[in-house]
Amino acid sequence: MEVAIVEDEPKLVALLNDYLLNEGYSTRLYSDGSEALQQLQSSLPDLILLDLMLPGTDGLTICKEIRKSSQVPIIMLTARVDEIDRLLGLEIGADDYICKPFSPREVVARVKAVMRRAVPAGDSVGSATDDLTISENTAQMMFNDKSAALTSVELMLLKTLIGQTGRIFSRNQLMTRIYPDNRVVSDRTIDSHVKKLRQKIQALDSSREYIHSVYGIGYKYEVEEAGKT
Ligand code: CA
């Protein structure tokens, strides 16, 4: 799981970074708001810790911009309690707010809580727009009355992609989800798992395409009629 820390106070960044790495998260660090927005828009992490006052683009604007296209969890960091009330009133779409000064331990706890809420719960995961579903208990995916067995890697891969329909995952992000033990695998390993998964889906439903490659970035799940892309 990857957390982006968007914060311009170096000491705070170092502290948060240490704690998150220690908890097994990978991190991306940005101290400038404009750079952060640009980078985050081209590739999203699993969660964003976002300071309100930043050089370049401020946290409020960054949050609003990201919300136009993504529901990635965002935790806002602010130096003033009264700011939180104002932010809540603006309904900018952040998932949580933390007031400075905070303990890094508290931040990590909030990160975990927000991540838990963001991950779809229950056994069957399917997006609202299609009828491909997966069962973790039986390691199968189902389409109408047909089903196909999945390997554990394919199951994790499909669960990750289907859980956030439309979101583009980098190969790296997919790897950290599929192999939680941080083992090093090559990009081609992911590509070959995706290829096999696509073949299995194709056998269930050849009229539509589900997993799309996004050139230079990675993969996303979106149901489209075959031949459109
Ligand atoms: Ca700041």
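Student: Which helix holds Glu-106 and Arg-110, and how many residues apart are they?

Tutor: Both lie in helix H5 (residues 104–118), four residues apart, about one turn of the helix. Helices (H or I, at least four residues) and strands (E, at least two) are DSSP runs, numbered from the N terminus. The model is predicted: local features need pLDDT of at least 70, side-chain atom pairs count only at pLDDT 80 or more, and totals for chains, interfaces and linings use all residues. Residues are numbered from 1 along each chain as its sequence is written, and side-chain values use heavy atoms, with hydrogens and water left out.

Student: What do Glu-106 and Arg-110 form?

Tutor: Side chains of opposite charge can pair when their charged atoms come close. A salt bridge is a side-chain nitrogen of Lys or Arg within 4 Å of a carboxyl oxygen of Asp or Glu. Glu-106 and Arg-110 form one, with the closest N and O atoms 3.1 Å apart. The structure holds 16 salt bridges.

Student: Which salt bridge links Arg-28 to a distant part of the chain, and is Arg-28 buried or exposed?

Tutor: Its partner is Glu-2, at 3.2 Å between the closest N and O atoms. Arg-28 sits in strand S2 and Glu-2 in strand S1, 26 residues apart. Buried means under 20% relative accessible area, exposed over 50%, and partly exposed in between (1.4 Å probe, protein chains only). Arg-28 is buried, at 15%, and Glu-2 is buried at 15%.

Student: In what order do the strands of the open sheet run?

Tutor: Two strands pair if DSSP finds at least two bridges between them. Here five strands form an open sheet in the order S2-S1-S3-S4-S5, with parallel pairing. Strand S2 (26–30) and strand S5 (96–99) each have a single partner strand, so one side of each is left without a neighbour in the sheet. Four bridges join S1 to S3; Val-3 has Leu-47 in S3 as its bridge partner.

Student: Which residues coordinate the calcium ion?

Tutor: Donors are N, O and S atoms within 2.8 Å of the metal (3.2 Å for Na, K and Ca); water is not among the atoms, so sites may look incomplete. The calcium ion is coordinated by Asp-8 (OD), Asp-51 (OD) and Met-53 (O), at 2.1 to 2.3 Å. Asp-8 lies in the loop between strand S1 (2–6) and helix H1 (10–22), and Met-53 in the loop between strand S3 (47–51) and helix H3 (59–67), so the pair ties together parts 45 residues apart in sequence. Asp-8 is partly exposed at 31% relative accessibility, while Met-53 is exposed at 62%.
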